[in-house]
Amino acid sequence: MNRPTPKHTAPNLTFPVLDGNEWQINNQQPENFTLVVFYRGLHCPLCKKYLQQLEELLPEFKERGVNVIAVSMDSESRARLSRQKWELSELQLGYNLDLETAKNWGLYLSKAVKDGEPDTFSEPGLFLIDNNNQVYYSAINSNPWGRPYLPSFVKAVDYIVSSGYPARGEML
């Protein structure tokens, strides 16, 4: 399986967002980065906490020229329930991530093991994509725990931009 690799062009990524538009990675023009957070979906209480923290940090990311998006394989109705139940008024939420795209991004996939879970869903992933659409950083998880600590990314962006620190991990 291929996976997105630093210093290489990010795989295609297109999906609908709850504001009624279509989000495309190729159309992003961030000052510095686009932060793409793949989450498991409405059934995941750890995703709820993670996305709530992400929403709290949106102003800090925006100040640093970072566009933020979160997406799952959930349907539109499940994504709307996540927005409502998790009180996510500002975070842009995408939905209907397709299986092929999840695979192209190297995400782990899981089958439902309990009621309330979709038949198939992606496990978490977090990617920092630079303003040239190149992968800068990736973290792919096989379970909902162990995800990157979001406040550290605010400081990381400060350091990356101020020092010109290069993407690392470009060799497989």
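Analyst: Strand E3 covers residues 33–38 and strand E4 covers residues 66–71. They pair in the parallel sense, over six bridges. One of the positions to look at is Val36, whose bridge partner in E4 is Ile69. Keep in mind that this is a predicted model.

Now the helix on the sheet. Helix H1, residues 45–63, packs there and touches E3, E4, E5 and strand E8 (125–130). The direction of H1 makes about 160 degrees with that of E4.

Step back to the whole sheet. Five strands form it, and the sheet is open. Their order is E5-E4-E3-E8-E9, with mixed pairing. Strand E5 (93–94) and strand E9 (135–140) stand at the edges. Each has a single partner strand, so one side of each is left without a neighbour in the sheet. In general, strands of a sheet pair through backbone hydrogen bonds, either parallel or antiparallel.

The hairpin of E8 and E9 has four residues between the strands. In that hairpin, Asn133 takes a positive phi near 65 degrees.

Asn26 touches both Asn133 and Asn12, leaving aside residues up to four places away in sequence. Asn26 sits in the loop between strand E2 (22–24) and E3. From Asn26 to Pro11 is 9.4 Å, C-alpha to C-alpha, and the two are 15 residues apart in sequence.

Return to H1 for its other contact. H1 and helix H4, residues 150–163, pack at an angle of about 25 degrees, with their axes 9 Å apart. That angle makes H1 roughly parallel to H4. Their crossing is right-handed. On the H1 side, the contact is made by Tyr50, Gln53, Leu54, Leu57, Glu60 and Phe61. On the H4 side, Leu150, Pro151, Phe153 and Val154 take part. Of the residues in this contact of H1 with H4, eight are nonpolar, one is polar and one is charged.

Last, the aromatic rings. The structure holds eight aromatic pairs. One of them joins Phe38 and Trp105, with ring centres 5.5 Å apart. Their planes are at 50 degrees, so the pair is tilted. Phe38 lies in strand E3, while Trp105 lies in the loop between helix H3 (99–104) and strand E6 (109–111). The pair therefore ties together parts that are 67 residues apart in sequence.

Note on methods:
Residues are numbered from 1 along each chain as its sequence is written. This is a predicted model: local features need pLDDT of at least 70, side-chain atom pairs count only at pLDDT 80 or more; totals for chains, interfaces and linings use all residues. Side-chain values use heavy atoms; hydrogens and water are left out. Two strands pair if DSSP finds at least two bridges between them. Helices (H or I, at least four residues) and strands (E, at least two) are DSSP runs, numbered from the N terminus. Contact means heavy atoms within 4.5 Å. Axes are lines fitted to C-alpha atoms, for helices over the stretch in contact, and angles run from 0 to 180 degrees between N-to-C directions. Angles under 35 degrees count as roughly parallel, over 145 as roughly antiparallel, 65 to 115 as roughly perpendicular and the rest as oblique. A crossing is left-handed if the near helix is turned anticlockwise from the far one by less than a right angle, and right-handed if clockwise. Ala, Val, Leu, Ile, Met, Phe, Trp, Tyr, Cys and Pro count as nonpolar, Asp, Glu, Lys and Arg as charged, and the others, Gly among them, as polar. Rings of Phe, Tyr and Trp (its six-membered ring) pair if their centres lie within 6.5 Å; planes under 30 degrees apart count as stacked, over 60 as edge-to-face and the rest as tilted.
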